[in-house]
Amino acid sequence: MDEEIKIPPEDIEKELIEEKKEYTADEKKTILQKIQGMSVPERVRLALWGNREVRGILIRDPNKAVRNAVLSSPRITDSEIIQIANSRNTDEDVLRQIPKNRNWMRNYGVIMALVTNPKTPLSISTGLLSKLREKDLAFISKSKNVPTALQREARRLYLIKLERH
């Protein structure tokens, strides 16, 4: 099984797999058109093997299986996860899946992105507050971009941390 993961399927176009620094608007449009013409199983396979641009498109796919395949891609990076967690266009189901991966949750940027995203379910963002630094708790307690309940909890934790010093 591991051998299959290392070698991408030959039927997927190379331009959808190989990483590239910059894409022109026309290239992005072409990639999007190719993806739109694919069936769900093809998009799932592409989500596992596709390049960063392809994963960025497929993470917004209406099909949950495709979005989950992007998250389980062996090629996905921490910076992409931070970008996904920061995006207000990210589906709530995706924001629920990210905290389930221990490796991603070791990255402070991922935690901060999840907490500050207003679409992150309150139960998840509240649970992550205890992992934040004092200055970030202070920031969140004053932020208008997060739910009021999260602001209050951040303020409460911030005051507790201040008392400990």
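Thirteen it is: the secondary structure of this protein comes to 13 helices and 0 strands. Before I go on, please keep in mind that this is a predicted model. Read from the N terminus, the order of elements is α-α-α-α-α-α-α-α-α-α-α-α-α.

Let me start with the overall picture. Along the principal axes, the C-alpha atoms fill a box of roughly 60 × 35 × 25 Å. The protein has 165 residues, and 38% of them are buried. Now the contacts. Take those with a separation of 6 or more: residues 24 or more positions apart account for 54% of them.

Next, one residue from the inside. Look at V70, in helix α6, which spans residues 64-71. Is V70 buried or exposed? Its relative accessible area is 0%, and buried means under 20%, so V70 is buried. What does V70 touch, beyond its neighbours within four places in sequence? The answer is A47, R55, L58, I59 and I76. And I57? That residue is 13 residues away from V70 along the chain, and their C-alpha atoms are separated by 9.7 Å.

On to charge. There are 31 positive and 24 negative side chains. The centres of those two sets lie 9 Å apart. How many salt bridges does the structure hold? It holds 6. I will walk through some of them.

Start with R43 and D61. Their side chains meet in a salt bridge, at 2.8 Å from N to O. This pair links distant parts of the chain, 18 residues apart. R43 sits in helix α4, residues 40-49, while D61 is in the loop between α5 (52-58) and α6. Both R43 and D61 are buried.

Now stay with α6 and find R67. The side chain of R67 meets that of D91 in a salt bridge, 3.5 Å from N to O. Again the link joins distant parts of the chain: R67 is in helix α6, and D91, 24 residues apart from it, is in the loop between α7 (78-86) and α8 (92-97). The two ends differ in cover. R67 has a relative accessible area of 7%, so it counts as buried. D91 comes to 28%, so it counts as partly exposed.

Then E92 and R96. These side chains form a salt bridge at 2.8 Å, N to O. Both lie in helix α8, 4 residues apart, which is about one turn of the helix. E92 is partly exposed at 36% relative accessibility, and R96 is partly exposed at 34%. One further point on salt bridges: those that share partners join R67, D91 and D93 into one network.

Last stop, the end of the chain with α12 and α13. Which residues of α12 are buried? They are D136, L137, A138, I140 and S141. These buried residues pack against α10 (108-116) and α13.

Now turn to the surface. K142, K144, R152 and R155 gather there in a patch of positive charge. Take K144 from that group. Where is K144? It lies in the loop between α12 (134-142) and α13 (148-164). Why is K144 called exposed? Its relative accessibility is 74%, and exposed means over 50%, so K144 qualifies.

To recap: 13 helices and 0 strands, 6 salt bridges, and V70 buried at 0%. Thank you.

Technical notes
Residues are numbered from 1 along each chain as its sequence is written. This is a predicted model: local features need pLDDT of at least 70, side-chain atom pairs count only at pLDDT 80 or more; totals for chains, interfaces and linings use all residues. Side-chain values use heavy atoms; hydrogens and water are left out. Helices (H or I, at least four residues) and strands (E, at least two) are DSSP runs, numbered from the N terminus. Buried means under 20% relative accessible area, exposed over 50%, partly exposed in between (1.4 Å probe, protein chains only). Contact means heavy atoms within 4.5 Å. Patches are made of residues with over 30% relative accessible area and no salt bridge: like charges are joined within 9 Å, nonpolar side chains (Val, Leu, Ile, Met, Phe, Trp, Tyr) within 5 Å. Accessible areas come from the Shrake-Rupley method with a 1.4 Å probe; for residues, only the protein chains shown count as cover. A salt bridge is a side-chain nitrogen of Lys or Arg within 4 Å of a carboxyl oxygen of Asp or Glu. Lys and Arg count as positive and Asp and Glu as negative; His and the chain ends are not counted. The place of a charge is taken as NZ of Lys, CZ of Arg, CG of Asp or CD of Glu.
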